[in-house]
Amino acid sequence: MIKDVPLSPLAAERAAFRRSRARRSTAVAFVSTLVFAVALWWAVTSAPGWPRVQATFFDPARAWESLPAVLEGLWLNIRVLVVAELGVLVVGLVVAVLRTLRGPVFFPVRALATAYVDLFRGIPVLIALYLIGYGVPALRLQGVPNDVVVLGTCALILTYSAYVAEVFRAGIESVHPSQRAAARSLGLSHGQALRLVILPQAVRNVLPPLLNDFVALQKDVGLISVLGAVDAIRAAQIEQARSFNFTPYVVAALLFVLLSVPTGRIADAVAARGNRRRSGR
Amino acid sequence: MTPVLQVEGLVKQYGGRPVLRGIDLAVAEHEVVALIGASGSGKSTLLRCIDLLEEIDDGRILLDGVDVSDPRAATRRRRNRPGGAVAAQKSMAIVFQAFNLFPHMTALENVALAPRVVHGLAAGAADERALELLSRVGLADLADAHPDRLSGGQQQRVAIARALAVQPRLLLLDEITSALDPELVGEVLAIVRDVARSGATILMATHEMGFAKQVADRVCFLDGGVLLEEGPPEQVLGEPREERTRQFLARIIAAGRLG
């Protein structure tokens with residue numbers, strides 16, 4: 001609505017109509033959500049096995065009991081996550097840049113980077129964890145750590161870097177060739193053009209999918225529990241083994257969800273900002 | 001005196017289709033040469049080849065008498081020495097039809113980038129030179145704006161400032177007003193006129209015949225990858241010798257572009 005310009009009766013009447021439609025839509029949405037929630041709740045709680053499921057998975061006392069141990073485990077997940085994210089950013093970017101190098105001299109480097117991406121995008125995360133977590137210590141090499149947390153983090157970095165490398169490569173290729181031409185014509189070297197002109201635009205273009213991969217990584221850090229690291233999932237498992245009650249798992253799941261929600265919202269906000277920028281506002 | 005630019009027998013093909021079929025062209029110091037011709041006649045390709053953005057298939061490109069198109073000039077050992085390919089790119093600058101400003105940098109950063117990272121100026125000195133050039137193109141007050149906040153004409157003026165910032169021996173202009181709304185063409189041409197008067201050596205592809213007549217010392221008509229006719233603007237644009245040139249100019253006049 002433009003300030004200082006009085007609405008004509010026509011516009012006022014139309015605005016009133018739009019408001020009434022909006023009110024109706026909100027009411028419909030509210031009622032349908034409520035009906036759906038009640039129906040779902042009724043379907044689950046009226047199931048014959050519900051009392052048993054409630055006692056096994058949703059026991060408030062057990063949840064409260066297991067919380068400190070699970071939280072302590074989650075702290076390990078968070079530390080692994082931070083290290084893994086930084087590692088993934090560095091390795092992913094390096095692999096992406098290696099894959100974009102042109103010229104026959106770089107063929108072996110390019111081939112190696114491509115083989116790495118093919119391999120680690122294909123291997124299920126669990127198997128990568130087993131191979132690195134159990135295989136590497138079995139080599140009994142001097143100076144190679146055999147801490148399962150360190151090895152688990154390495155396995156996650158190797159797996160996720162393959163995905164993130166492809167995201168970065170897509171970003172690099174999304175920058176129009178005329179940008180490189182402009183940089184080269186000013187006398188910038190290949191490396192300078194990449195670092196100062198191509199990569200800043202590439203990273204900006206792929207920020208939303210990049211954050212999406214981080215949300216995925218955030219929950220997959222829980223998989224290091226299969227190597228025996230006492231993270232949130234392992235802690236929940238220990239609690240479960242003590243009491244034969246699965247509630248600690250639900251506690252761990254809720255904590256992982258809480259952890260991933262902020263990243264998801266940040267990803268949304270970044271995407272929205274990108275859209276605004278592109279539409280020139 | 002050795003011309004700034006000499007092109008000898010330049011051939012360029014794209015996938016076996018010849019775009020330039022043996023171009024001979026020389027541009028002397030302080031000379032302004034206009035390349036005219038229909039779309040697809042090879043004007044842009046010629047400029048891109050000269051700026052070493054494209055590999056050429058035959059012929060030579062000499063800058064101040066040194067062959068910069070020799071692949072040996074592009075080797076790691078030689079490209080940064082005098083006569084090397086990168087050294088040659090440093091001494092030329094091109095302004096593109098589509099501006100090609102770096103969208104993640106402000107106008108000032110766009111102009112200061114090459115002086116700083118290529119020519120080794122300190123950040124302060126590079127910014128100072130950039131601001132000077134931006135005020136020369138009348139945009140000092142928009143130095144901190146990103147390209148997406150500028151009009152097409154303003155973007156192209158920043159691009160000209162960016163090209164001038166490397167103090168080029170040879171300035172290449174590739175149809176720099178073709179992507180602009182008609183009312184923005186004048187502000188860009190005024191700057192080129194000013195740059196030409198200051199003694200720059202310019203090779204420009206253009207569709208602005210009136211402007212070519214005013215500013216150019218020589219006009220070259222390119223047709224199907226061949227330099228068909230060249231001479232003073234009054235002759236080429238006024239009394240062309242070649243039938244093809246006459247036909248081209250007749251089409252331009254019909255489109256109302258001969259000012």
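How far apart do the end C-alpha atoms of residues 5-249 of chain B lie? Select that span: its end C-alpha atoms are 27 Å apart, and the span is 36% helix and 24% strand. Helices (H or I, at least four residues) and strands (E, at least two) are DSSP runs, numbered from the N terminus.

The model is predicted: local features need pLDDT of at least 70, side-chain atom pairs count only at pLDDT 80 or more, and totals for chains, interfaces and linings use all residues. Residues are numbered from 1 along each chain as its sequence is written, chains are lettered from A and ligands numbered from 1 in the order in which they are written, and side-chain values use heavy atoms, without hydrogens and water.

**The sheet of chain B**

Next, select β2, β1, β4 and β5 of chain B, which form an open antiparallel sheet in that order; two strands pair if DSSP finds at least two bridges between them. Because β2 (17-27) and β5 (66-67) of chain B each have a single partner strand, one side of each lacks a neighbour in the sheet. Five bridges join β1 (residues 5-14) to β4 (residues 58-63) of chain B. Within this pair, V11(B) stands opposite D58(B).

**Where the chains meet**

Now display both chains: 17 residues of chain A are in contact (heavy atoms within 4.5 Å) with 22 residues of chain B. Select S185(A), L186(A) and L196(A), which supply 34% of the area that chain A buries against chain B; buried area is the accessible area (1.4 Å probe) that two parts lose on being put together, summed over both. Finally, select α7 (177-185) and α8 (190-220) of chain A, each of which supplies at least two residues of the side touching chain B. Helix α7(A) gives the most, with seven residues.
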